[in-house]
Amino acid sequence: MGTKLAAACAAASLAWWAWSPITAGASSHREAPLITELPKVDGTDFYMFRSYESGRDGFVTIIANWLPLQDAYGGPNYFFLDPDALYEIHIDNTGDAKEDITFQFRFQNTLRGLTVPVGGQNVPVPLINIGPISAGNLQNLNMTETYTLDVVRGNRRTGQRQRVNAPGPNGFLKPTDNIGQKSIPGYAAFATAQIHTVNWPGCDAGQGRVFVGQRKESFYVNLGEIFDLINLDPLGPPDAKRNILDDKNITSFILEVPIACLRRDANSPVIGGWMTSSLRQARVLRPQPTFDRPTVEGGAWTQVSRLGMPLVNEVVIGLPDKDKFNASKPENDAQFLTYVTNPTLPALIQTLFPSVQAPNTFPRNDLVAVFLTGVQGVNQITANPTPGEMLRLNTSIPATPASQQNVLGAALCFVNGTLTLNNPGCDPAGFPNGRRPIDDVVDIELRVAMGYLLPSSPSGQQPFTDQTRIPISSFSEQFPYLATPIPGSPQSATPQ
């Protein structure tokens with residue numbers, strides 16, 4: 001990977017949860033110029049953690065969110081996914097920064113062609129439902145969305161592919177978005193009916209679960225204020241009422257997989273993960289489009305979105321390389337090394353807040369280990385890993401029960417850059433050892449960027465924050481963990 005990268009990695013601090021020079025944003029919402037034109041394939045957040053639901057401690061839960069900034073009232077078409085896209089979740093368990101296991105999702109939209117009689121003619125309706133729907137009664141639903149799920153072992157395109165058995169001929173049913181309480185009374189039960197128990201091909205360690213559907217946005221951040229030159233007090237008190245994304249929904253792909261199905265073997269507990277989405281290389285608009293064929297797609301799959309660690313492309317990668325990063329693979333991440341070893345964000349923060357002193361130790365080797373390699377003996381997949389950016393999880397570290405989780409995760413396991421497991425609030429099962437929904441990655445990464453893991457950093461121990469507080473009650477203690485989405489219409493009114 002080059003002498004510069006090798007030297008940087010060799011000199012990396014053994015501060016085992018050191019990570020990235022980044023602050024806030026909507027994790028990875030609209031983070032690169034091209035992806036702003038392709039919202040249906042915009043990957044926004046990636047989570048991977050030891051399951052903390054009671055009785056499920058032998059599993060890993062993986063959550064991949066796509067299609068950002070959904071307004072609940074966004075009808076009449078709401079937020080169907082792209083049937084011409086390939087949505088993927090990748091796992092590396094050998095340390096070569098290449099996928100060893102890939103979960104592939106493809107979607108299909110089916111129009112039922114519902115009509116109503118008007119003046120003696122049956123006329124197609126403009127809406128996706130013509131009356132109430134429920135888990136056991138979809139006759140009023142005008143359009144259904146289903147998906148297939150494949151498990152690929154080896155290269156994502158040429159490896160061994162096996163289909164996950166689904167309950168229907170078209171695959172799994174994705175619940176319709178939360179139109180409102182009159183259209184879908186009791187939405188929580190409606191969505192829960194589409195949590196499917198599955199057998200994972202190629203693994204006999206036990207059944208898991210899968211759910212794909214709309215959820216309440218799980219990322220907490222003061223988005224507008226951050227991008228307005230950090231127009232807040234970065235040392236001020238957190239406030240649970242300041243989350244600007246609190247009125248948005250997201251589309252979540254949620255998997256529960258036995259640990260033994262993901263790791264290489266019992267002696268190799270660390271896995272890395274990331275999500276991608278791809279489109280065909282060519283897309284031609286049809287001059288006379290139909291419902292199911294508005295375009296002609298062709299050519300090789302071309303990756304347009306990528307996300308492992310949160311906020312990387314958002315505020316680490318420079319503007320000239322954002323689309324390039326989205327199209328790249330972890331195995332080629334040496335090309336982005338300078339953005340990690342010489343981060344721009346701390347310098348910008350110091351410019352905006354002259355009383356704050358940014359770290360002046362370069363290269364920032366405290367940021368290299370977990371960002372590109374993991375740390376030997378802790379969350380490094382193998383002794384000589386190929387550097388690559390991804391979310392890494394040590395599956396041998398037990399899950400922390402939901403009631404005992406700390407929003408600052410493993411960050412509080414360090415004092416002046418030294419691992420101190422008995423430090424108050426230390427929660428080694430949290431970010432950056434994987435990522436749970438409750439983990440406040442914005443505050444954690446902001447503090448690390450300003451030198452939290454550098455013993456001599458002048459600003460390292462200050463409690464930097466975007467002033468958003470994540471309430472523990474925001475998330476469930478059970479699969480699928482993320483909250484029921486906000487309804488487009490909060491009330492069910494009966495005409496008088």
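Ala, Val, Leu, Ile, Met, Phe, Trp, Tyr, Cys and Pro are counted here as nonpolar, Asp, Glu, Lys and Arg as charged, and the others, Gly among them, as polar. On this basis, the lining of the largest pocket in the predicted model divides into 22 nonpolar, 6 polar and 8 charged residues. Two or more lining residues are given by each of strand 4 (101–111), strand 13 (270–285) and strand 14 (295–307), with strand 4 supplying the largest share, 4 residues.

The largest nonpolar core contains 101 residues, and those with the most contacts inside it are Phe103, Phe105 and Leu255. Strand 2 (residues 59–71) gives the most to this core, with 6 residues. Apart from this core lies another, of 11 residues, which includes Leu232, Ile349, Phe353 and Met450. When residues up to four places away in sequence are not counted, Leu255 touches Val60, Thr61, Ile62, Ile89, Phe103, Phe105, Leu149, Trp200, Arg209, Val210 and Phe479.

Asn394 is found in strand 15 (residues 391–394) and counts as buried because its relative accessibility is 7%, where buried means under 20%. Its side chain is joined to that of Ser396 by a polar contact of 2.5 Å, while the residues touched by Asn394, not counting those up to four places away in sequence, are Pro269, Val270, Val378 and Asn433. Asn394 and Ala429, 35 residues apart in sequence, are separated by 8.5 Å in space, C-alpha to C-alpha.

Notes: Residues are numbered from 1 along each chain as its sequence is written. This is a predicted model: local features need pLDDT of at least 70, side-chain atom pairs count only at pLDDT 80 or more; totals for chains, interfaces and linings use all residues. Side-chain values use heavy atoms; hydrogens and water are left out. A nonpolar core is a set of buried Ala, Val, Leu, Ile, Met, Phe, Trp, Tyr and Cys residues joined through side-chain atoms within 4.5 Å. Buried means under 20% relative accessible area, exposed over 50%, partly exposed in between (1.4 Å probe, protein chains only). Contact means heavy atoms within 4.5 Å. A polar contact is a pair of N or O atoms within 3.5 Å; within protein, one must be able to donate a hydrogen and the other to accept it, and residues adjacent in sequence count only if both atoms are side-chain atoms.
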